[in-house]
Amino acid sequence: LIACSSSLGPEAGETDDGPPGAGPGPTELRFTDPVAGAYLPAGSQRITGSGRHLAEVLVDGEAAALRDGMFGVDRELRPGLNTFSATGTDADGAAYADTASVLAGEFRAPEGVIADAVQVHVSAAALSGLGAVVGKMFDPAVLDAELQAQNPVMDTPEAEVNLGTLTFGTPVVELVPRAGVLDVTVLLPDFQLPIDARIRDALPFGIDLEIGVDIECDQVRLQLPLQLEARNGELAVHVGRMNAQLSEFDLDTGILELIDWLFVDDDDLAVMIEDALAQMGPEIDGMIQEMLGELDLEMETGLMEKQVTIAPRFDQVFVSPDGVSLSLGMALDVAGAQGSGPGHLTAPPAPPSMGPDVRVQLADDFLNRALYELWAGGALDMELPLGAEEAAILLLFGGSGTGTLKMTSALPPVWVEEAGVGRMQLGEVALTVETPGGQYGDVVELVMALDAKADLAVSAEEAGVVLTDGRVTMRLAGASVGNELLAEKLPGLATE
């Protein structure tokens with residue numbers, strides 16, 4: 001399929017001094033090498049075929065040299081689907097046509113993990129919108145438990161001081177990326193911490209004085225650096241040394257000022273609380289690890305009416321002043337997939353896309369793996385009854401009343417990028433339309449190729465592809481070969 005002998009067709013630019021299409025056999029126009037449905041490397045390829053008894057053959061509008069009933073042209077195969085269209089006329093002016101599609105490029109068996117299948121970049125500006133998510137980790141109950149572990153914060157012959165239940169308002173979180181570290185600043189407004197103080201022998205007859213007081217501050221400011229890395233396919237987050245600051249910290253006035261002066265200075269107590277909060281790094285680290293440990297990224301979704309299982313893994317994590325970049329590998333499985341051929345079309349990963357928001361890129365490699373497995377699982381093999389609701393389809397193929405549409409594809413669909421635009425390509429798709437008593441006979445058989453602009457549509461429930469700007473080519477097949485009435489309709493049918 002890859003190397004063609006020069007005897008199969010004339011070289012480009014040669015002429016034939018003898019009568020066209022010498023040799024026995026009926027008049028025909030047919031691609032012979034490479035055969036339709038072949039897998040080939042990208043690059044230069046000699047395309048040959050039979051042009052027996054034809055006076056002229058055009059391939060994709062370019063005149064092909066004819067010799068001894070064979071034609072040939074040179075083509076540069078692009079990665080993806082390559083479809084050739086040939087037209088010819090005989091000495092009487094009768095027209096003939098044929099098409100053939102092949103896949104070109106490098107191919108890989110559909111197994112294992114596709115590295116860098118999904119790349120996500122969250123810009124520095126977009127990170128600010130994630131503050132509310134991070135803020136949920138700062139639960140007063142969790143912080144309170146850490147402070148309660150410090151009780152009693154003072155226990156001397158003169159006094160015992162215990163901390164009460166901590167409360168604060170809704171946290172405000174800022175996320176600022178820098179080289180290798182994501183700095184997190186948490187502001188806890190309306191910070192209040194009750195204190196129960198027992199002053200021993202403060203009253204006559206050795207009676208203790210018990211006093212309750214609220215520690216108040218406008219806000220507590222926590223600063224903690226997060227280090228992110230991909231480890232064994234999982235996202236690992238490490239919390240560095242925290243820093244805590246209490247703003248406008250104070251005790252109540254009145255008699256408590258005396259207690260403040262005699263037993264514990266409010267500034268010393270503020271430093272004590274700041275130190276206790278700063279020691280919470282390991283606690284928060286553990287909370288994050290527990291949350292990540294419960295995170296199950298494996299998902300099942302419906303795609304082209306097939307059940308698809310996708311299992312992501314973290315390949316790389318980068319933090320820079322521009323934001324956070326994640327690269328995920330993907331394992332993919334389609335139930336019942338049994339493919340043929342050398343595998344799916346491969347492509348090098350595109351450079352990460354960065355911008356002022358969140359960017360998500362799906363690698364062409366991953367998309368082609370998914371398309372191949374869907375095809376191997378029979379997603380493109382269908383049989384659709386045609387009735388009154390499908391009257392337009394029946395009419396398109398010359399039928400009426402009822403019928404059946406059957407479709408199979410000899411090649412997997414592929415996804416390619418052209419000038420930054422994704423395109424879906426399908427080749428050698430066999431269409432069989434049963435049209436009893438139809439204008440073109442009881443059965444219409446065609447082979448189709450499609451090249452269309454493609455947009456991914458993804459929701460929480462399912463994913464799909466929206467096709468527009470389609471370019472369709474068709475040829476007659478099976479029982480429809482030689483159907484002159486259908487052949488005249490074919491160019492219009494492809495556009496409809």
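These legends go with a set of close-up views of a predicted model. Local features need pLDDT of at least 70, side-chain atom pairs count only at pLDDT 80 or more, and totals for chains, interfaces and linings use all residues. Residues are numbered from 1 along each chain as its sequence is written, and side-chain values use heavy atoms, with hydrogens and water left out.

**View 1. Helix α7, residues 364–376, is mostly covered.** Helices here are DSSP runs of H or I with at least four residues, strands are runs of E with at least two, and both are numbered from the N terminus. α7 has 13 residues and reaches 18 Å from its first C-alpha to its last, close to the 18 Å expected at 1.5 Å a residue (the expected span is 1.5 Å times one less than the number of residues). Of its 13 residues, 13 are buried, where buried means under 20% relative accessible area with a 1.4 Å probe, protein chains only. After the helix comes Gly378, with a positive phi near 90°.

**View 2. Tyr372 and Trp375 pair up within α7.** Rings of Phe, Tyr and Trp (its six-membered ring) pair if their centres lie within 6.5 Å; planes under 30 degrees apart count as stacked, over 60 as edge-to-face and the rest as tilted. Tyr372 and Trp375 make a tilted pair, 5.4 Å centre to centre with 55° between the planes. They sit 3 residues apart, about one turn of the helix. Tyr372 counts as buried at 4% relative accessibility, and so does Trp375 at 10%.

**View 3. Phe31, Phe71 and Phe84 gather in one aromatic cluster.** Phe31 and Phe84 are a tilted pair, 6.1 Å centre to centre and 45° between the planes. Phe31 belongs to strand β1 (residues 30–33) and Phe84 to strand β8, so the pair ties together parts 53 residues apart in sequence. Both Phe31 and Phe84 are buried.

**View 4. Five strands line up as an open sheet, β2-β9-β8-β4-β5, with mixed pairing.** Edge strands β2 (39–40) and β5 (62–63) each have a single partner, so one side of each is left without a neighbour in the sheet. Two strands pair if DSSP finds at least two bridges between them; β8 (residues 80–90) and β9 (residues 95–104) are antiparallel over 10 bridges. Leu81 stands opposite Leu103 in β9.

**View 5. Ser480 sits in the loop between β29 (462–476) and α9 (484–495).** Ser480 counts as buried, at 0% relative accessibility. Leaving aside neighbours within four places in sequence, Ser480 is in contact (heavy atoms within 4.5 Å) with Val443, Val444, Glu445 and Leu486.

Conventions: Buried means under 20% relative accessible area, exposed over 50%, partly exposed in between (1.4 Å probe, protein chains only).
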